[in-house]
Amino acid sequence: SPKALVFPWFDKGVAKWVEASSNPAAARMVVNGEADACVTTAAAVDLLSKRGIRTLHEFGSPNMIFTIASPHRHKFLRRYLI
């Protein structure tokens, strides 16, 4: 997924980039506790939604919507979005 989507968090020093081999792999890293959140697709979130991951924010075009997904509540991650 586009790394530039999360540059604001990198610039603030509240996030670091962990590379994944695919969108579903990024979502699996989150549900496995290897990352707190990921930029992924709605399809990847749907695949793993029974394991606690959910969409927190959507951005992109209807052709390819990327989301931030995490098992953490929005309130927990919101401090990184401001």
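Ser-70 sits in strand S3. Is Ser-70 buried or exposed? Ser-70 has a relative accessible area of 0%, so it counts as buried. Leaving aside residues up to four places away in sequence, Ser-70 touches Val-30, Asp-36, Ala-37, Gly-52, Ile-53, Arg-54, Leu-56 and Leu-77.

## Overall layout

The protein has four helices and three strands. Read from the N terminus, the order is α-α-β-α-β-β-α. Of the 82 residues, 32% are buried. The exposed surface comes to about 5,400 Å², and carbon and sulfur atoms supply 54% of it.

Take the contacts with a separation of 6 or more: 37% of them join residues 24 or more positions apart.

## Confidence

The mean pLDDT of the protein is 83. A score of at least 70 is reached by 88% of the residues. Which elements mark the two ends of the confidence range? Helix H2 is highest, at 91, and strand S3 (residues 64-70) is lowest, at a mean of 73. Where pLDDT is low, the predicted coordinates should not be read in detail.

## Helix H2

Helix H2 covers residues 23-31. Seven of its nine residues are buried, so the helix is largely enclosed by the rest of the structure. Those buried residues are Asn-23, Ala-25, Ala-26, Ala-27, Met-29, Val-30 and Val-31.

Both ends of H2 have a local feature. At the start, a side-chain oxygen of Ser-22 comes to within 3.1 Å of the backbone nitrogen of Ala-25. After the helix comes Gly-33, with a positive phi near 80°.

## Nonpolar cores

In soluble globular proteins, nonpolar side chains tend to be buried together. Here the largest nonpolar core has eleven residues. They are Ala-26, Ala-27, Val-30, Val-31, Ala-35, Cys-38, Ala-44, Val-45, Leu-48, Ile-53 and Ala-69. H2 and helix H3 (42-48) each supply at least two residues of this core. Which helix gives the most? H2 does, with four residues. Another core, of six residues, lies apart from it; Val-6, Phe-59, Phe-66 and Ile-68 are among them.

Ala-44 belongs to the eleven-residue core. Not counting residues up to four places away in sequence, Ala-44 touches Asn-23, Pro-24 and Ala-27. Ile-68 belongs to the six-residue core. Ile-68 lies in strand S3. Its relative accessibility is 9%, so it counts as buried under the 20% cut-off. Ile-68 and Arg-54 are 14 residues apart along the chain, and their C-alpha atoms are separated by 8.4 Å.

## Aromatic residues

How many aromatic pairs does a search of the whole structure find? The search finds two. One of them joins Phe-10 and Trp-17. The ring centres are 6.1 Å apart, with 85° between the planes, and the pair is edge-to-face. Phe-7, Phe-10 and Trp-17 form one aromatic cluster. Trp-17 has a relative accessible area of 38%, so it is partly exposed.

Lys-16 lies in the loop between helix H1 (7-11) and H2. Is Lys-16 buried or exposed? With a relative accessible area of 71%, Lys-16 lies over the 50% cut-off and is therefore exposed.

Arg-78 is part of helix H4 (residues 74-81). Its relative accessible area is 42%, so Arg-78 is partly exposed. Arg-78 and Leu-56 lie 22 residues apart in sequence, with 9.3 Å between their C-alpha atoms. Leu-56 is also one of the residues that Ser-70 touches.

How values were computed:
Residues numbered from 1 in each chain as written. Heavy atoms only, no water. Buried < 20%, exposed > 50% of the residue type's maximum accessible area, 1.4 Å probe, protein only. Contact = heavy atoms within 4.5 Å. Areas by Shrake-Rupley, 256 points an atom, 1.4 Å probe, with all protein chains shown as cover. Polar contact = N/O pair within 3.5 Å; in protein donor to acceptor, adjacent residues only side chain to side chain. Phe/Tyr/Trp six-rings, centres within 6.5 Å; stacked < 30°, edge-to-face > 60°. Core = buried A, V, L, I, M, F, W, Y, C linked by side-chain atoms within 4.5 Å. pLDDT = per-residue confidence, 0-100.
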